[in-house]
Amino acid sequence: MYNLLYKELRLAAHPSLYVFLFMGALVLIPAYPYGIVFFFGMLGIFQTMMYGRETRDIYFTALLPIPKRGVVKAKLLLAAFAQLTELAISLPFAFLRTCYLAGGNPVGIEANLAYYGIGLMIFGVFNIVFFPQFFKTAYKAGTAFIIAMIPATLGIIAMETLVHIPGLGWLDGIDAASLIRQIPLLLAGIAVYAITWFSAYRLSAKRFSQVNL
């Protein structure tokens, strides 16, 4: 597993993927739809898969002494690394925001526990749609991205909209009481992300096993 991820990071990842890891700093912008941070986390993966198509990375990886499911695992490990690293890098910026820009975000959700919980769900939905769709052919990354972005975009819109609904203001809070109420949502996000990652891997591996490279 380590060697597969190392190969992806050194050879397969598009340079933009590393740039997008730092887009979590956007949570410092006073009035900004922070759901865009998750969009960059998905865009970097798409560009990497397109880059891999042009460099025939899938074919090269399949020639290595690993089963075909190892090719799928390598890509999903890279996706998990990129998505979780982006969120981890954003954490200190979110903390700085709550300390020095505590006036709230008039555009949408605040960078709080609910934000990260829902964001993990969005990443999970993207993964379970994008990767199985891509590995049906191991070639059509653009089609897979468009299809996966439909539910992901709806999730981002819902996340930014829910906080404006009366009675759901606690989703936008950064006070102690609101954060405590958001903990189950964060835990649910972690669970959904883990389940969808493994489901995406199994379904993608099954489909890729039938692809003739």
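Me: Which helices each supply at least two residues of the lining of the largest pocket?

Reply: A pocket is an open set of points on a 1 Å grid over the protein atoms alone, where a 1.4 Å probe fits, with protein on both sides within 12 Å along at least five of seven lines, and its lining residues have an atom within 4 Å of a point. In this predicted model, where local features need pLDDT of at least 70 and side-chain atom pairs pLDDT 80 or more, while totals for chains, interfaces and linings use all residues, the helices are helix 5, helix 6 and helix 8. Residues are numbered from 1 along each chain as its sequence is written, and side-chain values use heavy atoms, without hydrogens or water.

Me: Where does the largest share of this lining come from, and which residues lie nearest the centre?

Reply: Helix 5 gives the largest share, six residues, of a lining of 14, and Leu91, Ala111, Asn112, Leu113 and Tyr116 lie nearest the centre of this pocket, which holds about 280 Å³ of space.

Me: How much space lies in the second largest pocket, and which residues are closest to its centre?

Reply: The second largest pocket has about 160 Å³ of space, and of its ten lining residues Arg53, Arg56, Tyr59, Ala138 and Tyr139 are closest to its centre, while helix 4 contributes the largest share of the lining, three residues.

Terms used: Points joined across faces, edges and corners; volume = space filled by probe spheres on them. Helix = DSSP H or I, 4+ residues; strand = E, 2+ residues; numbered from the N terminus.
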